[in-house]
Amino acid sequence: MNTLAERWELEPRPTVCVLEDYIGAQARWCPGCGDHSVLGAVQRLARDLQLPPERTVTVSGIGCSSRFPHYMKTYGFHGLHGRALPVACGIKSRRPDLNVFVVTGDGDCCAIGTAHWIHAIRYNMDLTILLLDNNIYGLTKMQTSPTTPIGQHSNTHPQGSQLPPLNPISVTLGIRNVSFVAQTVDWNPPHLYATIRAAYEHKGASFVRIFQRCPHFTSNIFAKAQEDPSRILMMTHPGGINLDPNMARAFPNRIEHDPSDLSAARALADREDVFTIGLFYRSAASFRYDHQTAQGLGATNDEKLAALRKALDRFLVS
Amino acid sequence: MKPSALEAQTTPERVPPGIVDQHIVEIVSDSGEGAQTCGQSFGAICARNGNGVWTVEIIPAEIEPPARSRAGASGSRIRIGSRPVTNAGDFADVVFAFNEQVLYSRIDSGALRPGTLVFLDSTWAENPIGEIRDMYSDAVADFRRRGYAVTEIPIERQCRKVTNEPRRGKNMWVLGMLCALYDLDLELVRSEVEKRFAKKGGAAVEKNRALLEDGWKWALENTAHRFHVPASPPDKPTVAMNGNQAIGLGIMASGMELCAMYPITPATSASHFLASAFPQVGGFVHQAEDEIAAIGFAIGASYAGRTAVTITSGPGLALKTEFIGFAVMAEVPLVIVVVQRGGPSTGLPTKIEQGDLLAALYASPGDSPKIILAPATIEECFHFMVTARKLAEEFRTPVIVLSDANLATGQQPFPKPEVSESWLASPIDQSDWDQETAPFAWDPETGLSTRPIPGRRHGQFVLTGLAHDEHSHVAYESGINQRAMEMRSRKLAVLAGSLLAPRLHGAGEGDLLVVGWGSTLGAIEEAVDRLRARAAKVSSLHLRFLSPLEPGLKRIFSRFRQVMTVEINYSDPIRPPYLTPETRRYSQLAQLLRAHTLVDIDCWSRVPGSPLPPGLIEQELSRRLDDIQREGTHNEHTR
Ligand SMILES: Cc1ncc(C[n+]2csc(CCOP(=O)(O)OP(=O)(O)O)c2C)c(N)n1
Ligand SMILES: [Mg+2]
C-alpha cells in the first residue's frame, strides 16, 4: 500500500479555492463581537494559502467563541467545554497531513481546560491555537473568567472581581518546550491577520491570545485601548510580526523585541500598564511530540501481521 | 539454637507420587523476593507440560512494604489440573512461605485449610536477632496447632551455598523444589529458566540453574511428598499470558494504532505491555495528562479515521463519562477498556470487583446507548478487542470492554490465535464523499450511517455534541432530537437482533439458574458442576454482551423455578426490619435483568476484594436449592 500522503499527492487540486469555499453557516455571534473579525481573518488566511478545506480541521470547546467551526466550511469538531486541545492533539497524532486550528475561550482554555493548555504547549504538536479572550464567560451570560480584571462586575461577582487575573501569555511562556507565543487584538485586521498567519506558518504549537471585544459584557475593557492607541505597545523585529508601514501607523507606541529572547519576552508579558501585541517568542528548536506520535504510520499489513505473530510467540509455552 | 530442619530430618524413602487431578500451590514472600516470578515460571512449566493452569498474583497493598510483614505478602497462587483450569479454586494444597509473617497474611485471607502442606523457610530459626527467632518458633507452633502440615525447609541456608545474594535466589531454589515435588521433567524446567534469564546473560542463567538444581536435589533427598498431576501435552501451539497482556495483544491484532491512557491500577500493565510491543506494529501509546485528556485524544484520533482505544479503571471511567456521552452523541467509534477494581472512590485499588457495570451503562448525562462487552476468560480478553473495534466502526459508537483485576493478573494458557488480515483495520477511506449523502444519513430501519473522515473531499461537516440532525446541523426544531435519539438507540436493537441467545451450562430447565458475567465464569461453572454431580437441578448462563443484552433471556429464565445472579459487587441481604425485599438494593446485573425481563431475579453478591472461590458459590447455591426444595415454590424470602 502507498502511504496516504503519497496517494493524495497523486491528485492535483483542480480548482483554486475562493473565500466562499471556507465560509460555512451564517455566524450567529452578536453584532460587534470580536469573534467575527477572527473568523474573517482565518477564512482569508485559508484562501490566501489555499488550504484544502477537506484537509483542514477546526477544533473548539464550548463557549460563544467555540461556535467557530460551524462557520467554517472545513471539517469541524465542536467538542466539550475545555477539551478542545486533547482532541486536536489526538487528530494530529496520526494525521500529520491535516491542518489543525484550535479555537478556545478564556474560560475554555484558562479555567476548565487549564491542564490541557499547559500540556498541549509542552507537547508542541503542529497546531494553531487561538485564544479568543473577552475577559468573561460569554455563552453562559457574564460570569467572571480567570482573565477578568480586578473590579470588573459580573453575575458571579456583582461587587467586582477580586482576584488578580491570570496572565495567559506569562503562563504559556513559563512552560518548558514552548515554541510560539503571540498576542493581538481583534479590532486591527492587518495585525490580527499577520499574527494568525505567522502562527499558522510556525511548525509546532502556536499560541495566539487575541484580545476580543464582547459588546455586551466587557465593552468597557477594550474601549480604552481602541480609543487610545498609546495604550497598546507593539513589539517589532525583523523576525517578528510586521505590518506594512501604512498599517503600522495605527500603533505609534512600539518596542523592539527579539522573539528568540525568552527572558525579555517574559518581562514584556508581565507588563500590566499596556496591551502588548506582536510576537513574544518563537523557537524552531523545541521538541515536536507529533513526530513521535506519528511513528510507524507507514507499516503495511504484512509487516503488522509478522510483528504480531512474533509478539504472540513470546508467550508460547509449547 | 535449635537444630535446623535439615539436620532434624533423615532422608525419607522414595515414594511413588500421589496422583491428583488438580492441586493448588501458593508461593509467598516479602515483596521483591521474586515469589511472583517463581509462580509464573511454575505456571508456564506446567502449561508446557500440558496441564491446565490458572495463575493469580498475590499483590501487596503497598509498593515498598516493610520486610516480614503481613501487608507485604507478595506471590502467586497456581492451580494446576489434568483438564483446563478456569479459576483459582478454593484452598491451597501446598504453600511455600519465605517467612512466617507472609504466611499469616494468607491465613488471614482464608487461603489455607487444615491439612494444607506448608513449606516454611527455617533459616529464621538461626537468625542472630532473638526476637525474630522467637517470632518464628512461636508461629511454627501456632501453625501446627491450627492443623497445617508444616515442613521446615532451610531455603535461605541452601541458597547461601550457591550465591552470596541468597535473598534473590530463594525463588529459583523453591522453583526447583516445586518441580521435584510435582514430578516434572527437569529438562523442561531448565529450559524455562534459560528462556527467562537468557537476556541477563550466561552468568545469570548459570546461577539460577544451580539454584534450581539444588532445590530439586534437596527435595528429592529430604522430603517424602510427591504429587503427579497427569497432563496431556497440547497438540496445538499454546500461549499463556495474563488478561492485560491479552488485551494489549488483542489491540495490536485489531489494527488499532493508538492507545491513550493515564496510569491507574489495575489497568496500567496493559499499557505497559503496549508501550513496549505496540511500536512493532506501528502503534503508539500516549500517556496523557489525565483521563479526560486521554479519551479526548483517542476521540480525536478516531474522528480522524484511526479508531483508538483508551484504557482505565473505575475512577478513570468516572472522569471519562462526559466524553463517552459525546462519542455516543457524535457517533465516534471508540474502544474503552475498563479494568475494574474495588470502588467507590479509591476503593480497593489492586483488588477485584465488578462494580462498574451500571456506571458504564448509565454514567453519562442523558440517554447514551453504547455497546458493553465483558470477556469472561483471558482468551476472550484477546479476541474481544478485535470484536470491539469492528463493532465500534460498524455501529459508529463507543464500545466499553469491562475486564477486572482478576482477569488482569490471572494467567491462563490458550491456543495461540491464528491472526488474520481481516482483523486489521482497513486503510482510511480518502475517496471523494458523495455530496448528496449527509454526514449522519441514518438508515431509518437500523440507524446505521457512514461517516465522512477528514481528508475526504466534499465531506466537510462539523461534528458536534449539540443535538443535531442528519446534516450535523444544530437542532433548533422540535422533533429533530426525538428522531436522532431514536436513531442512536436503534443501533443497539439491531445489534441485539444479530446476536445468538446465550448457551446454558447444564440443562435447559431446572430449579435454579445462575447468571454471571466477567471473570466469575470458571468459579460459577465449577460450583454448578459440583452440584450437578450430586444431581442438583442447577444450570448457569454467562453473559458476554451487557449492552445490548443477549436475546432470549426471558424465555430461558421461564424454564427455571428461580433465577439469580452471582456477582462481585455490593447487594443488600434481606434482613428485616430495614432490609426487606422492597428496600433491599440488588446487585448490578440483577437490577439490569429485572428491568429487562420483569422476572423476579434474585442475587447473591460479595465484595471481598478477591475472586469468589467455587466452594463459596457452591455453598450458597446449595442453600438456595435446599430452600427451593423445601418451599416447593419460588419464594423471594430465601434468606
Ligand atoms: C462541563 C461543562 N461545564 C460548564 C459548561 C457551561 N459553559 C459553557 S460555555 C462556558 C464558559 C464560556 O466562556 P469562555 O470559554 O470564555 O467562552 P466565551 O463564551 O466567552 O467565548 C461555560 C461555563 C459546560 N458547557 N460544560
Ligand atoms: Mg470568554
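Trainee: At what angle do helix H2 (residues 35–49) of chain B and helix H6 (residues 170–181) of chain B pack, and how far apart are their axes?

Mentor: H2(B) and H6(B) pack at an angle of about 30°, and their axes are 9 Å apart. The model is predicted, with local features needing pLDDT of at least 70 and side-chain atom pairs pLDDT 80 or more, while totals for chains, interfaces and linings use all residues. Residues are numbered from 1 along each chain as its sequence is written, chains are lettered from A and ligands numbered from 1 in the order written, and side-chain values use heavy atoms, without hydrogens and water.

Helices are DSSP runs of H or I with at least four residues, strands are E runs of at least two, and both are numbered from the N terminus. Axes are lines fitted to C-alpha atoms, for helices over the stretch in contact, and angles run from 0 to 180 degrees between N-to-C directions. H2(B) and H6(B) are therefore roughly parallel to each other (under 35 degrees; over 145 is roughly antiparallel, 65 to 115 roughly perpendicular, the rest oblique). On the H2(B) side, the contact (heavy atoms within 4.5 Å) includes B:Phe42 and B:Ile45. On the H6(B) side, B:Leu175 and B:Leu178 are among the residues that take part. By class, the contact of H2(B) with H6(B) divides into nine nonpolar, three polar and no charged residues. Ala, Val, Leu, Ile, Met, Phe, Trp, Tyr, Cys and Pro count as nonpolar, Asp, Glu, Lys and Arg as charged, and the others, Gly among them, as polar.

Another pair in chain B is helix H11 (residues 291–303) with helix H12 (residues 314–330), packed at about 30° with axes 8 Å apart. H11(B) and H12(B) are therefore roughly parallel to each other, and they cross in a right-handed way. Their contact includes B:Glu291 and B:Ile295 of H11(B), along with B:Lys320 and B:Phe323 of H12(B). The classes here are nine nonpolar, two polar and two charged residues.

A further pair joins the two chains. Helix H12 (residues 301–313) of chain A and helix H9 (residues 243–254) of chain B have axes that come within 10 Å and cross at roughly 165°. That makes H12(A) roughly antiparallel to H9(B), and the crossing is left-handed. A:Leu308, A:Ala311 and A:Leu312 meet B:Leu249, B:Met252 and B:Ala253.

An oxygen atom of ligand 1 is 2.7 Å from a polar backbone atom of A:Cys64, and one is 3.0 Å from an N or O atom in the side chain of A:Asn134.

Back in chain B, two loops hold cis peptide bonds. The bond joining B:Thr265 and B:Pro266 is cis, with omega about 0°, and B:Pro266 lies in the loop between strand E10 (258–261) and helix H10 (268–277). The bond from B:Gly343 to B:Pro344 is also cis, with omega near 0°.

Note on methods:
Left-handed = near helix turned anticlockwise from the far one by under 90°. Polar contact = N/O pair within 3.5 Å; in protein donor to acceptor, adjacent residues only side chain to side chain.
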